[in-house]
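Here's a walk through the structure, taken one piece at a time. Keep the model open beside you as you read.

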Amino acid sequence: MPTKKNGGKAKSGKKVDPVAEFPNLYMTSSDDDIEAAMSFAEDYKAFIDISKTEREFVKTAKEACESLGFKDISSVNKLKYGDKVYASVKDRGFVCAVIGKKPVTEGFNILGAHIDSPRLDLKPNPVFEDAETVYFKTHYYGGIKKYQWTTIPLALHGTVYTVDGKEIDVCIGEKDTDPVFYITDLLPHLGREQMKKNAEDFIPAEDLNVVIGGIPLKGSDKEKEPYKAAILKYLYNEYGIVEKDFVSGELEIVPAAKARDLGLDRAYIAAYGHDDKCCAYPALMAVLAQDKPERTCVAFLTDKEEIGSYSNSGAQSVIYENFLMELLAKNLGGIDKFNMLTYRKALENTKMLSTDVTTGYDPKYASVFEKNNTAFLSHGLKIEKYTGARGKSGTNEATGEFVAKITKIFKDNSIPWQTGELGKIDAGGGGTISCYMAKMGMDVVDLGIPVWSMHAPIEVISKIDLYFLYLGYKAFVENIG
Ligand code: MN
Ligand code: MN
């Protein structure tokens, strides 16, 4: 689902002086730019509605690539200027590239996002019955406020691999005619003690049990758990899944909601998983928009960022590097041409944006923000020179020279930007994939857009930010070097 071609420049052509001001873009943008932002948002919403999980995102991204003539890199022996290739990273991550005019040995221009989002995963043995109701036990994934996941309609997405070699895709709760799932909460009438507890404690993790059924299997007197038996029977009849198959399943509970316009003026989008799909989508589209780039442009769509970028599909996996190695070797004429030092030197000359979201200033929670160093919704892309927490611990700090190259590109292409930190210094903190990329030697900086209610079941972004983010990513891969 490639996006519409775009000239790569803000239509207004208005020169925003980023040093002097960080204006609200709905105030300063032309009607044409606002219209383009509204239209870009439609494409985005349609894409993320069918790409809620990392595996679904990979599928959609692969289809978009193939529709534009990208080939699986394993099917190609040599890569030349203009060639387009992709690779799946265990079907939970994805990489694609367009080969540049300059040899790959001179480095890559990379946009790297993550496509996993906070959610509730099913435990390996999830089905149980209690008080005539059947539930899934869950294990939350990523940093969530647990109470936010109660009393909202939930959907089940994922894939189950059975012992007899079948791969079964599951997606229940998204169609209007589908049933949904639900986590109960206590009524306020009896909630006196509960309401005194800390928010962290009043919904314990082991209470995030999802209601999945309540009609018993009749006619079997010996059945100890007739409600559970009925659900297991249903799962077997509908999907061919038996209870032990859950161990080889990757099933995720996500909000059963489509991306929606927010506000009478439709300034914002409320949706599940903006972190980090609102960066992953424009990053992917910016690479897909390339035809004959100067330098080789690459998109990394990584998994497991929300839990530390581990696993073979997380940003710490060598598979992402393997793809870069393969690009270099095949551009040199074949995998036998690979040389480690040439590769490492190419990495030193590589420029990357770690395309991840940041938080948006929220006046209700003003106490955690330092107003001069925070991002505002609708004020454009945020350059975050470093992330981390408490004294820059665990951060990747980009070099000033690299940041200046980016701000020059943004100035030349009328891309509005803002800057700052995540929040007040000792209020908390967070990290992204940038530290793992910097370790390889490349120049990398975090650059995304602000989100309200990050990691909540439904998060909020501004449409005008999303649009300029795409233009900014495009300007970066086309001009950095
Ligand atoms: Mn993120
Ligand atoms: Mn996150």
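Helices (H or I, at least four residues) and strands (E, at least two) are taken here as DSSP runs, numbered from the N terminus. You're looking at a predicted model, in which local features need pLDDT of at least 70 and side-chain atom pairs count only at pLDDT 80 or more, while totals for chains, interfaces and linings use all residues. Residues are numbered from 1 along each chain as its sequence is written, chains are lettered from A and ligands numbered from 1 in the order in which they are written, and side-chain values use heavy atoms, with hydrogens and water left out.

Let's begin with charged side chains. Side chains of opposite charge can pair when their charged atoms come close. A salt bridge here is a side-chain nitrogen of Lys or Arg within 4 Å of a carboxyl oxygen of Asp or Glu, and that rule gives 29 salt bridges. Take Glu-42 and Lys-45, whose closest N and O atoms are 3.0 Å apart. They sit 3 residues apart in helix α2 (residues 31–49), so about one helical turn separates them. For accessibility, buried means under 20% relative accessible area, exposed over 50%, and partly exposed in between (1.4 Å probe, protein chains only). Glu-42 is partly exposed at 40%, whereas Lys-45 is buried at 9%.

Lys-45 also has a salt bridge to Asp-261, at 2.7 Å from N to O. Since Lys-45 belongs to helix α2 and Asp-261 to strand β11 (residues 260–262), this pair ties together parts that are 216 residues apart in sequence. Asp-261 is partly exposed, with a relative accessible area of 22%. Follow the links and you get a salt-bridge network of Glu-42, Lys-45, Asp-261, Arg-266 and Lys-463. Elsewhere, Lys-392 and Glu-397 meet in a salt bridge at 3.0 Å, N to O; Lys-392 is partly exposed at 38%, and Glu-397 is partly exposed at 35%.

Now for the metals. Donors are N, O and S atoms within 2.8 Å of the metal (3.2 Å for Na, K and Ca), and since water is not among the atoms, sites may look incomplete. The manganese ion (ligand 1) is held by His-114 through NE2, Asp-275 through OD and Asp-356 through two OD entries, at 2.1 to 2.6 Å. Along the sequence, its donor residues follow the spacing H-x160-D-x80-D. Asp-275 is in helix α7 (residues 274–288) and Asp-356 is in the loop between β14 (351–354) and β15 (358–359), 81 residues apart, so you have distant parts of the chain linked here. Both are buried, Asp-275 at 3% relative accessibility and Asp-356 at 9%.

What bridges the manganese ion (ligand 2) and the manganese ion (ligand 1)? Asp-275 does, and the two ions lie 3.4 Å apart. Glu-306 lies in the loop between β13 and α8 (318–332) and His-455 in the loop between β21 (450–451) and β22 (459–462), so the pair ties together parts 149 residues apart in sequence. Glu-306 is buried at 13%, and His-455 is buried at 17%.

Next, the sheet. Two strands pair if DSSP finds at least two bridges between them. An open sheet of 9 strands runs β1-β2-β3-β13-β4-β14-β20-β16-β18, with mixed pairing. At its edges are β1 (71–72) and β18 (417–419), each pairing on one side only. Strand β4 (residues 108–114) pairs with β14 in the parallel sense over 4 bridges, and Ile-110 has Met-352 in β14 as its bridge partner. Helix α7 packs on the sheet, touching β3 (93–98), β4, β13 (296–302) and β20 (443–448), where contact means heavy atoms within 4.5 Å. Its direction makes about 150° with that of β4; axes are lines fitted to C-alpha atoms, for helices over the stretch in contact, and angles run from 0 to 180 degrees between N-to-C directions.

Finally, look at strand β7 (residues 154–161). In β7, 7 of the 8 residues are buried, so the strand is largely enclosed by the rest of the structure. β7 pairs with strand β10 (residues 249–255) in the antiparallel sense over 7 bridges, and Ala-155 stands opposite Val-254 in β10. β7 also pairs with strand β8 (residues 167–172), antiparallel over 6 bridges, with Glu-167 in β8 as the bridge partner of Tyr-161. The hairpin of β7 and β8 has 5 residues between the strands, and there Gly-165 takes a positive phi near 85°.
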